[in-house]
Amino acid sequence: MEKVPFVICGEQKTGEHQVLEFGPKEKRTKICLPEITDSDIQKMSKGETEAMHELSIDEIINFYSKVGKLWGSITYEKREELVDLTCAVTGYSKEMVELGMKQICWMLTKEYLEATVQSDLGDKRLLDEWITRAESSVHCQPRGKMLHILAGNVPSVAIMSILRGSLTKNVNIIKMSNRDLITPSYFVQAFYDIDPEHPITKSTSVLYWPHTNQEIFNKIISFVNAVSVWGGHDTIQETRRSTPQGVELLEFGPRRGIHFVGKEAFHELEKATINAAHDLTLFDQECCFSPQMTFVEGDVEKYAESLARSLEEENARLPKGYADPKFHANITNARMYSRFRGHKVHSSAKTEWTIIVAQTMDDLPTHPLGRTIFVIPVKDLTESLNYIGPETQVVAIEPYSRAVDLREALTLRGVDRVTQLGKMGYFAVGSPHEGMYPLSRMVRWVKMRQ
Amino acid sequence: MEWEIDKLLQHPAPFRMPEKEAEESKLKSFRQIFEHHYKNCPEYRKYCELYSLKPEDIKTLDDLVKIQPIPSDAFRGKLIMSVPQDKIVLVATTSSTTSKKPCQYALDAITLKRTSETGVHFFKDAGLTHGFVCMLTPSPEESDTGLVRGMTHVLRDGLKFSSDNIIYAVKSGKVETEKAIKAITTAHSRPVHMYGPPFVFMHFVEYIERHGLDIKLDKDSLLITTGGWKTVAGEVTKKEFNERVSKAFHVREDQLRDGLGLTDIYTMILECQYHNKHVPPWIHVSARDPADMNTEVGEGEEGLLVLMSSFVNSYPAIVATGDMGAVWNKKKCECRRTGQIVEHRGRGSKLGARGCAIRLEQFMEIITRK
């Protein structure tokens with residue numbers, strides 16, 4: 001039994017009010033969570049927004065860079081516990097969780113944090129000062145209290161959401177997902193280890209309640225000023241329905257990625273498929289940027305064979321962890337369906353990875369994720385544009401030189417990001433996210449006419 | 001050709017056949033039907049060839065695991081047939097909440113005749129042979145689902161129920177609660193049986209409780225649930241469901257029998273009085289390792305269910321439904337029936353909820369939910 005604490009305005013509490021079980025039958029991990037009381041909710045409703053506002057942006061960046069250094073340190077006592085528990089709860093392999101930790105530590109560098117503020121707001125001074133812009137003095141005020149509803153599929157994304165809330169001087173209330181009850185809790189516990197009296201420490205709360213408990217949600221939503229919601233269709237719809245008018249809502253809903261492989265990529269095919277395999281493998285394809293389909297100009301079978309070899313190698317580097325048998329069943333079902341329909345299926349011995357080569361888009365199975373890619377031949381990459389819409393977040397193109405010709409058509413159809421194979425899971429510093437600069441929506445832009 | 005399945009269906013007590021006799025008949029009937037589909041369904045033959053599987057490879061019952069199942073999604077929007085199209089007399093459908101295309105199963109006269117015979121065996125074995133049946137469903141004129149049409153077919157053609165002794169409680173998307181209650185309380189033919197999805201049973205229970213009605217069914221009535229527990233699952237436990245239904249209709253809990261609707265192979269499996277679902281020898285159920293379909297999981301362990309029927313002539317009723325479940329090949333039940341026992345453990349995630357009741361739920365939701 002592992003007691004994972006909630007943090008209420010900097011104070012940790014443990015308990016056995018809820019017990020959730022994870023992992024295979026023969027090796028279950030039980031996670032005990034405390035109760036959320038009315039007094040906890042009342043305390044959060046009075047969260048120290050003023051103390052957060054009084055911090056300078058440099059103080060905030062300094063604080064988080066210290067957290068980054070602590071998390072990056074192999075001597076930090078909670079690190080090993082965090083990695084082991086994250087593996088047990090999320091089912092990700094140790095290698096994958098370590099990769100996630102590296103991503104988080106990179107996000108917690110001063111350079112990344114500074115660049116994020118600078119690119120999202122245009123000028124980081126706006127958070128501390130009134131800056132002249134044309135005829136006005138402009139300033140960014142925090143929205144106040146911000147609720148983060150996390151998805152739990154990618155550890156770094158949870159941290160990204162929390163960072164954004166703090167960088168805009170908001171008070172963070174973090175609702176963990178039962179997919180990952182560890183990373184956000186341990187991240188916020190580290191605040192205490194850095195400085196128990198810091199306004200970020202004393203104002204941050206992290207907790208979990210099941211999505212069916214509408215009562216807690218309703219109590220919390222009644223006093224927050226902004227919501228950042230990550231997750232599937234149902235979560236987004238439900239949050240949208242329940243968020244009162246006037247509360248800023250930032251949605252990060254379900255989307256997908258697509259690979260475009262041009263004929264020129266065959267000159268260095270192995271390099272291309274190694275990168276493609278990495279995109280596909282990252283967090284077992286559960287991310288909104290994960291590729292689900294590849295359009296190939298040229299010999300599609302040759303591409304699939306090379307990708308199969310690369311996936312085998314990538315699987316050795318970043319092995320799949322534990323998944324519920326139902327997820328294996330989805331993959332098996334998709335393979336059987338594809339074989340019955342006459343598609344060519346390349347696959348690992350078990351369900352580590354799957355490549356389904358279909359001649360057209362007409363008769364594909366329901367996508368099972370779990371490192372599965374549909375590969376479709378096209379005469380010209382422009383043909384693929386017919387299958388691109390706003391559900392596609394990112395398109396990775398090989399060779400990247402083809403991207404310039406395609407980017408206008410892709411983004412007009414709803415794509416937000418064009419990148420290279422192998423880079424889908426790595427957001428360039430200073431880039432917008434889901435068609436916006438999120439920090440710019442987490443503040444109120446105020447002005448005084450000069 | 002003399003079909004072993006037709007011989008098997010003439011058996012007076014197929015659920016209680018001596019094990020050896022049942023196994024021999026089962027093997028023979030499955031070898032015949034597999035060869036039939038292999039020879040007459042080109043898509044299925046091509047599929048088997050991918051696995052280098054031929055009819056002569058099936059030598060023992062243990063070889064049934066080699067027979068490749070078709071995922072039920074492959075029946076969506078496309079008829080797969082082992083007989084010429086002009087032999088098809090009925091197309092049964094199931095639906096999905098995630099796909100607009102329903103699964104379609106082509107049925108010929110031979111299959112329907114055998115369906116009727118298997119249905120008669122199921123209901124005779126359970127004790128439903130005469131009386132009055134209140135179907136908590138639309139009529140077959142309003143629904144083309146296997147749940148409705150299959151049961152009606154068995155009642156009318158197999159068990160020879162007259163149309164006066166069958167009532168359908170749902171008309172034009174509305175539950176005719178009062179009319180149905182009047183019918184079951186005044187029916188001259190006894191015992192009165194009820195058949196339908198759990199959520200419609202709960203609709204009646206709530207109505208009876210709300211109005212304080214005193215409704216007594218008979219000591220040999222059967223209340224058969226089928227079509228999925230999805231809607232009631234979040235509201236009442238199965239234990240509470242049984243208690244409330246028993247109380248509302250004044251019946252014992254062993255009169256409540258859950259039926260596992262296997263629409264993909266156009267049949268159902270009924271619980272015995274000890275609530276075990278016994279598989280007859282014309283059906284073979286296998287729980288496969290979800291990560292390796294060629295391997296069966298152990299006795300009673302959860303796996304991906306593969307259903308095979310030796311009585312469906314018109315399409316290869318060898319289907320991986322995407323449902324999870326457990327199978328016992330050696331478990332003994334107090335009722336002394338022989339053969340496999342199966343337990344349904346829910347649907348595979350993200351595969352989409354399927355089954356007739358889901359579709360019934362969709363159009364009945366407004367009137368049954370407050």
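## The interface between chain A and chain B

In this predicted model, chain A and chain B bury about 2,100 Å² between them, and 63% of that area lies on carbon and sulfur atoms. On the chain A side, A:K326, A:M336 and A:F340 supply 32% of the area that this chain buries against chain B, more than any other three residues. The contact draws 17 residues from chain A and 26 residues from chain B.

Polar and charged pairing across this boundary can also be listed. Three residue pairs are in polar contact between chain A and chain B, both residues of each pair being at pLDDT 80 or more. Sorted by class, the side of chain A that touches chain B comprises seven nonpolar, six polar and four charged residues. The rule for salt bridges finds one across the interface of chain A and chain B, and the side chains of A:K350 and B:D289 meet in a salt bridge with an N to O distance of 3.4 Å.

## A three-stranded sheet in chain A

Chain A contains an open sheet of three strands, ordered β1-β5-β4, in which the pairing is mixed. The strands β1 (2–3) and β4 (18–22) of chain A stand at the edges and have a single partner strand each, so one side of each is left without a neighbour in the sheet.

Between β4(A) and strand β5 (residues 29–33) of chain A there are five bridges, and these two strands run antiparallel. Within this pairing, A:E21 has A:K30 in β5(A) as its bridge partner.

## Salt bridges within the chains

Side chains of opposite charge can pair when their charged atoms come close. Over all chains, the count by this rule comes to 56 salt bridges. In chain A, A:D284 forms a salt bridge with A:R371, with the closest N and O atoms 2.7 Å apart. This pair links distant parts of the chain, since A:D284 lies in the loop between α12 (269–281) and β14 (291–297) of chain A, while A:R371 lies in the loop between β16 (354–357) and β17 (372–378) of chain A, 87 residues apart. A:D284 and A:R371 are both buried.

In chain B, the side chains of B:R337 and B:D125 meet in a salt bridge at 2.7 Å, N to O. Here too the pair links distant parts of the chain, with B:R337 in the loop between β16 (318–328) and β17 (341–347) of chain B and B:D125 in helix α4 (residues 109–126) of chain B, 212 residues apart. B:R337 counts as buried because its relative accessibility is 9%, whereas B:D125, with a relative accessible area of 25%, is partly exposed.

A further salt bridge joins the side chains of B:E243 and B:K239 at 3.0 Å, N to O. Both B:E243 and B:K239 lie in helix α9 (residues 238–249) of chain B, four residues apart, or about one turn of the helix. B:E243 counts as partly exposed at 37% relative accessibility, and B:K239 is exposed, with a relative accessible area of 59%. Elsewhere, salt bridges that share partners join A:K263, A:E264, A:E297 and A:R402 into one network.

## The setting of B:H36

B:H36 lies in helix α2 (residues 19–40) of chain B. At 12% relative accessibility, B:H36 counts as buried, because the cut-off for that class is under 20%. Apart from its neighbours within four places in sequence, B:H36 is in contact with B:W3, B:S82 and B:N313.

How values were computed: Residues are numbered from 1 along each chain as its sequence is written. Chains are lettered from A and ligands numbered from 1 in the order in which they are written. This is a predicted model: local features need pLDDT of at least 70, side-chain atom pairs count only at pLDDT 80 or more; totals for chains, interfaces and linings use all residues. Side-chain values use heavy atoms; hydrogens and water are left out. Buried means under 20% relative accessible area, exposed over 50%, partly exposed in between (1.4 Å probe, protein chains only). Contact means heavy atoms within 4.5 Å. Buried area is the accessible area (1.4 Å probe) that two parts lose on being put together, summed over both. A salt bridge is a side-chain nitrogen of Lys or Arg within 4 Å of a carboxyl oxygen of Asp or Glu. A polar contact is a pair of N or O atoms within 3.5 Å; within protein, one must be able to donate a hydrogen and the other to accept it, and residues adjacent in sequence count only if both atoms are side-chain atoms. Ala, Val, Leu, Ile, Met, Phe, Trp, Tyr, Cys and Pro count as nonpolar, Asp, Glu, Lys and Arg as charged, and the others, Gly among them, as polar. Two strands pair if DSSP finds at least two bridges between them.
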